[in-house]
Amino acid sequence: MAQLTDDCFAFGGTLMGIDEAEALIASRIPALPGEEQAPLEAALGRILAQELVAPLPLPPFHNSAVDGYAFRHADLVPGTATPLLVAGRVAAGGKAVPLAPGTAARIFTGAPMPEASDTVIMQEDAEITAGAVLIPTGLKPGANARPAGEDVAQGSVALPAGRRLDAPAIGLAAALGLTHLGVAPRPRIGVFSTGDELAQPGTPLRAAQTYDSNRFTLLALLATLPVAATDLGILPDDAATTGRALRDAAATHDLLLTTGGVSTGEEDHVRAAIEATGALVLWRLAIKPGRPAAMGVIAGTPIIGLPGNPVAAVITFLHLARPMILRLAGATPRPLPRFAATADFSYRKKAGRREYVRVTLADTEDGLPVARKFPREGAGLLSSLTRSDAFAELPEPVTEVTPGDRLRVLPFAALFG
């Protein structure tokens, strides 16, 4: 369990930019200690704890890349087609055979190359006449053959520490003969919603209540990360109860997430509870939507207070919680996925803050998608995330967008998948 000091996020300003916030997290949050052994079947999404050094070469032996005929390139007569007697046959999974000078062997994809052979002609390029294969000119030495270690050399780093294990990484580990991988422990993340105005889905709504959505959105986002998440329910608008719940949860979790209760209102108790039981820096991020966000430490456990509006909660989660979680999990930092698009809308914004505009994307013939602004902008419009395709990211210096401008967009498919 990470134990942070109360001043580890010390910040003297009142408004912090996104890049500065992410840099602060990167410099102050340590990875959780320890290592676990995960079978390959259960390793998807986990973080590799130590670099994986290849215990054998890939491929492990010199083999043919195609179906064809293997031979010594030195046996060819320069400048003319050369006939070679077909004197052997090697199938995949078979045994390498000696190859006499001036002869060739029928060979199949993946089969071991005959001893002393170095080149393969594809069967569709070969001409067979009277038991001999005619090798045309122009074939380079080593063509269509895969040397041992061509893919991964024995003793080399096959996968670096901090790599998140995806399907190709697990396939590579299997190709190296491994059944288990050493992975970092999964951070334990506790998730609260706050506010008397929230009701648990499936229960009757009282007057002036809405069903809690943020907690389920966050838990779904956490399901895409290498964590063990716990649903801690809804905190009432009561300072004592909030403080006690946060202290208790801090003792058994590596990070706490809350939504709502971090502004300056009389019923915003999360901020006060953190200040009363630990240390808090109210970041007031230079971002829209999502400015009211808090971060602090309770009993050595970091806590992030996200805004209560659903869209703002998602955006601040991506910029604060996601990088912190990946740091705790020992993952190599990677930026959020972004790609280029062309604006099909006009928009004005203030300089000095980063804004995220919900857009739909349409393909074009030139391959650069067109971004069309969602017609409404409210941070409480959860449906805007289901009816859009991406966030258009407008950097701090930008004050105006006009049709035809080049944009950076963050695709929902990569963020939420």
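Student: Where is Ala 208 found?

Tutor: Ala 208 is found in the loop between β14 (198–199) and β15 (210–211). Strands here are DSSP runs of E with at least two residues, helices are runs of H or I with at least four, and both are numbered from the N terminus. A word on the source: this is a predicted model, where local features need pLDDT of at least 70, side-chain atom pairs count only at pLDDT 80 or more, and totals for chains, interfaces and linings use all residues. Residues are numbered from 1 along each chain as its sequence is written, and side-chain values use heavy atoms, with hydrogens and water left out.

Student: Why does Ala 208 count as exposed?

Tutor: Exposed means over 50% relative accessible area, buried means under 20%, and partly exposed lies in between, with a 1.4 Å probe and protein chains only. Ala 208 has 77% relative accessibility, so it counts as exposed.

Student: What is phi of Ala 208?

Tutor: Phi is near 65°, a positive value in a residue other than glycine. Most residues other than glycine have a negative phi. Ala 130 also has a positive phi, of about 50°, and is not a glycine. Ala 130 sits in the loop between β8 (127–129) and β9 (132–135). At 80% relative accessibility, Ala 130 is exposed.

Student: Why does Ala 199 count as buried?

Tutor: Its relative accessibility is 5%, so Ala 199 counts as buried. Ala 199 belongs to strand β14. Ala 199 and Thr 210 are eleven residues apart in sequence, and their C-alpha atoms are 6.0 Å apart in space.

Student: Why does Pro 60 count as partly exposed?

Tutor: Pro 60 has 48% relative accessibility, so it counts as partly exposed. Pro 60 lies in the loop between β2 (52–53) and β3 (63–64).

Student: What is the omega of the peptide bond from Leu 58 to Pro 59?

Tutor: Omega is near -10°, and that bond is cis. Pro 59 is in the loop between β2 and β3. Lys 288 and Pro 289 are also joined by a cis peptide bond, with omega about -10°. Pro 289 lies in the loop between β19 (287–288) and β20 (294–298). Most peptide bonds are trans.

Student: How do you know that α6 bends, and where?

Tutor: The bend at a residue is the angle between axes fitted to the seven residues ending there and the seven starting there. For helix α6 (residues 310–328), that angle is about 45° at Phe 317. Just after α6, Gly 330 takes a positive phi of about 80°.

Student: Why is α6 called largely enclosed by the rest of the structure?

Tutor: 18 of its 19 residues are buried, so α6 is largely enclosed.

Student: What makes a space a pocket, and what is the volume of the largest pocket?

Tutor: On a 1 Å grid over the protein atoms alone, a pocket is an open set of points with protein on both sides within 12 Å along at least five of seven lines; a cavity is a set where a 1.4 Å probe fits but cannot get out. Lining residues have an atom within 4 Å of a point. The largest pocket has a volume of about 630 Å³. Of its 24 lining residues, the closest to the centre are Arg 164, Leu 225, Arg 322, Leu 326 and Arg 334. The largest share of the lining, four residues, comes from α6.

Student: Why is the pair of Tyr 356 and Phe 391 called edge-to-face?

Tutor: Rings of Phe, Tyr and Trp (its six-membered ring) pair if their centres lie within 6.5 Å; planes under 30 degrees apart count as stacked, over 60 as edge-to-face, and the rest as tilted. The whole structure holds three aromatic pairs. Tyr 356 and Phe 391 are 6.1 Å apart, centre to centre, with 80° between the planes, so the pair is edge-to-face. The pair links strand β24 (residues 354–362) to strand β26 (residues 390–394), with Tyr 356 and Phe 391 35 residues apart. Both residues, Tyr 356 and Phe 391, are buried. Ring pairs link Tyr 356, Phe 391, Phe 412 and Phe 416 into a cluster.

Technical notes. Points joined across faces, edges and corners; volume = space filled by probe spheres on them.
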